[in-house]
Amino acid sequence: MGAVTVAAGRVPGLGHALALARGPMKFIQGLRSQGDVVTFYLGTVPIHQINSPDLIRRVLVTDAHQFGRGQIFAKARQLFGDGLATADEPVHMRQRRIMQPAFHRDRIATYVDVMRSEMREFVDSWRPGQIVRLDRAVSRLTLAVTAKALFRADLGTAAVTEVCRSLGPILNGVTKRAMLPDVYERIPTPGNRQFDAGLRRLTAIVDEVIKAYRESGADHGDLLSMLVSSEMTDTEIRTQVMNILMAGTDTTAITLSWAFHELAVNPDVRRKVFDEVDTVLAGRPVTAADLAKLSYVERVVAETVRRHTPVWLLMRKALAPVELGDVTVAPGAQVMISMPALHRDPALFTDPLRFDPDRWLDPRASEWPKAGSLVPFGAGRHRCIGEAFALAELATALVTVSQKWELRPAPGPRVREVARAFLRPNALLMALQPR
Ligand code: HEM
């Protein structure tokens, strides 16, 4: 076994906590040049960051059975129970089998119709010259889309507002609670109070939706009907619903926000999107069949997911001693993969910070996921179940908005990336112009 590479700048007692708190992505990105496996410390707890695409594939795919989910998931599980996005084996596989059919590609066509009608309602409410806080608006949109597509539940405006208000503090709270000792949760900080209140409200809303499904007994042909007719208990179903809401709404909303940002600041890209949308659709509403013909839009979506990968860390815990390159990872040790750090590595992608949809014309592009150098949706047994759903939603949103509106950056704070539960823009103010 070779020597473990410890990240530069370790402070006795604190480890690398300060550098990480000051600029998480800068710190994590900086570790890539230090080795294939680099160890940093949160206090005295070691975390092994895996940098090489080969080893990333081993952790996520070929040797996945050697790893359980890491600490963030353990905390989420403690708070919400065993759901698809948090459970370990064998519970996870059983749940995945029950839920997989609802995410099958064949179902996406039906979902695109729901997505389009939600988005049309959204853009029809806009007024020329209006300035919108786009990142907030799309959060609400993706929540409504997920709820209606998968749970058919017309949550109603008040409930959607309520769920949006509750989800933010919950997501941020889970990440914070995973990093800090358990005693932190009992301190009545404003964040902790918002977290507890948010969780109570969200639980109540979700329970009401499940009750309505049970009472009606009708098969709506959606995910919730599937769950209600399975052997799952109401508590298990509630956990799944919460998991889907948490895994699927903010991730998609943030990616969509970045896509609109890139269109707003790259007039050439915007023009090409408009041209393609006008040529292929000639003003008619988009369907699932059209999405396959909108190849430039598809590249814009792919490039947004690469350049602005929202899930900035995946954690795993070694279940047995695992050899990763020169390093033997001890049982119980935490392993971390940062996808955005990978996707911004100039050794893997030319001029990686440039937003260039045409990099996807590279004949090698189809190899990137298999090689482990492009994994925005993860890989292996935990690969995002909602990937096709998210890609369809992103494309449908870009097309539906671009048919009517041109979004331009409005005066306001400089757009920056901030690392919260996900990597997100600080604030996106957009001016709306009819096309
Ligand atoms: C751009 C949007 C999205 C991104 C970037 C994304 C990313 C990811 C990633 C990286 C994972 C793997 C986690 C791991 O390996 O531990 C994951 C898992 C998951 N995602 Fe997504 N996701 C997105 C949208 C969605 C949507 C729309 C849904 C559902 C409607 C969803 C539901 C899930 C679930 C349930 C899991 C857990 C899967 C499992 O462990 O079997 N995600 N996602």
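This is a predicted model: local features need pLDDT of at least 70, side-chain atom pairs count only at pLDDT 80 or more; totals for chains, interfaces and linings use all residues.

A: The largest cavity holds about 1100 Å³ of space.

Which elements build the lining? Two or more residues each come from helix H4 (71-80), helix H5 (91-99), helix H7 (134-151), helix H8 (157-179), H11, strand S6 (314-318) and H17. H11 gives the largest share, 8 residues. By type, the lining of the largest cavity has 32 nonpolar, 12 polar and 6 charged residues. In total, the structure holds 4 cavities of 30 Å³ or more. How is such space found? Rolling a probe the size of a water molecule over the atoms shows where empty space is left.

Next, the loop between two of those lining helices. Pro 90 sits in the loop between H4 and H5. The peptide bond from Glu 89 to Pro 90 is cis, with omega near 0 degrees. That deserves a second look, because most peptide bonds are trans.

Now the packed parts. The largest nonpolar core has 107 residues. Trp 126, Leu 134, Phe 151, Leu 223, Leu 224 and Leu 407 touch the most other members. Helix H11 (residues 234-265) supplies the largest share of this core, 14 residues. H11 also gives the largest share of the lining of the largest cavity. Take Leu 224 as one example from the core. Beyond four places in sequence, Leu 224 touches Leu 150, Phe 151, Val 209, Ile 210, Tyr 213, Ile 237 and Val 241. Apart from this core lies another, of 20 residues, with Ile 50, Val 322, Val 329 and Met 339 among them.

Leu 55 belongs to helix H3. Is Leu 55 buried or exposed? Leu 55 is buried, because its relative accessibility is 8%. Leaving out residues up to four places away in sequence, its contacts are Asp 36, Val 37, Ile 50, Leu 324 and Gly 325. Leu 55 and Leu 342 are 287 residues apart along the chain, yet their C-alpha atoms are separated by 12 Å.

His 308 is found in the loop between H14 and S6. Why does His 308 count as buried? Its relative accessibility is 4%, so His 308 falls in the buried class. Setting aside neighbours within four places, His 308 is in contact with Trp 258, Glu 262, Glu 303 and Arg 344. From His 308 to Ile 237 the separation is 71 residues in sequence and 32 Å in space, C-alpha to C-alpha.

Turn now from the cavity to the open space. The largest pocket has a volume of about 840 Å³. Its lining counts 34 residues, and Arg 105, Glu 298, Glu 387, Ala 388 and Leu 391 lie nearest the centre. Helix H3 (53-62), helix H6 (105-124), helix H13 (288-291), helix H14 (295-307), H16 and H17 each supply at least two of the lining residues. H14 gives the most, with 7 residues. The pocket lining divides into 23 nonpolar, 3 polar and 8 charged residues.

UniProt, in an unreviewed entry, lists Cys 384 under "binding site". Cys 384 is placed in the loop between helix H16 (368-371) and helix H17 (387-404). Its relative accessible area is 32%, so Cys 384 is partly exposed. Beyond four places in sequence, Cys 384 touches Arg 96 and Phe 377.

Most residues other than glycine have a negative phi. Ala 282 has a positive phi, near 45 degrees. Ala 282 lies in the loop between helix H12 (267-281) and H13. Ala 282 counts as exposed because its relative accessibility is 67%. Asp 351 also has a positive phi, near 45 degrees. The loop between helix H15 (339-343) and H16 holds Asp 351. With a relative accessible area of 45%, Asp 351 is partly exposed.

Definitions and conventions:
Residues are numbered from 1 along each chain as its sequence is written. Side-chain values use heavy atoms; hydrogens and water are left out. UniProt positions are given in the numbering used here, feature names are shortened, and annotations may be inferred rather than shown by experiment. Helices (H or I, at least four residues) and strands (E, at least two) are DSSP runs, numbered from the N terminus. Buried means under 20% relative accessible area, exposed over 50%, partly exposed in between (1.4 Å probe, protein chains only). Contact means heavy atoms within 4.5 Å. A nonpolar core is a set of buried Ala, Val, Leu, Ile, Met, Phe, Trp, Tyr and Cys residues joined through side-chain atoms within 4.5 Å. On a 1 Å grid over the protein atoms alone, a cavity is a set of points where a 1.4 Å probe fits but cannot get out, and a pocket is an open set with protein on both sides within 12 Å along at least five of seven lines; lining residues have an atom within 4 Å of a point. Grid points are joined across faces, edges and corners, and a volume is the space filled by probe spheres set on the points. Ala, Val, Leu, Ile, Met, Phe, Trp, Tyr, Cys and Pro count as nonpolar, Asp, Glu, Lys and Arg as charged, and the others, Gly among them, as polar.
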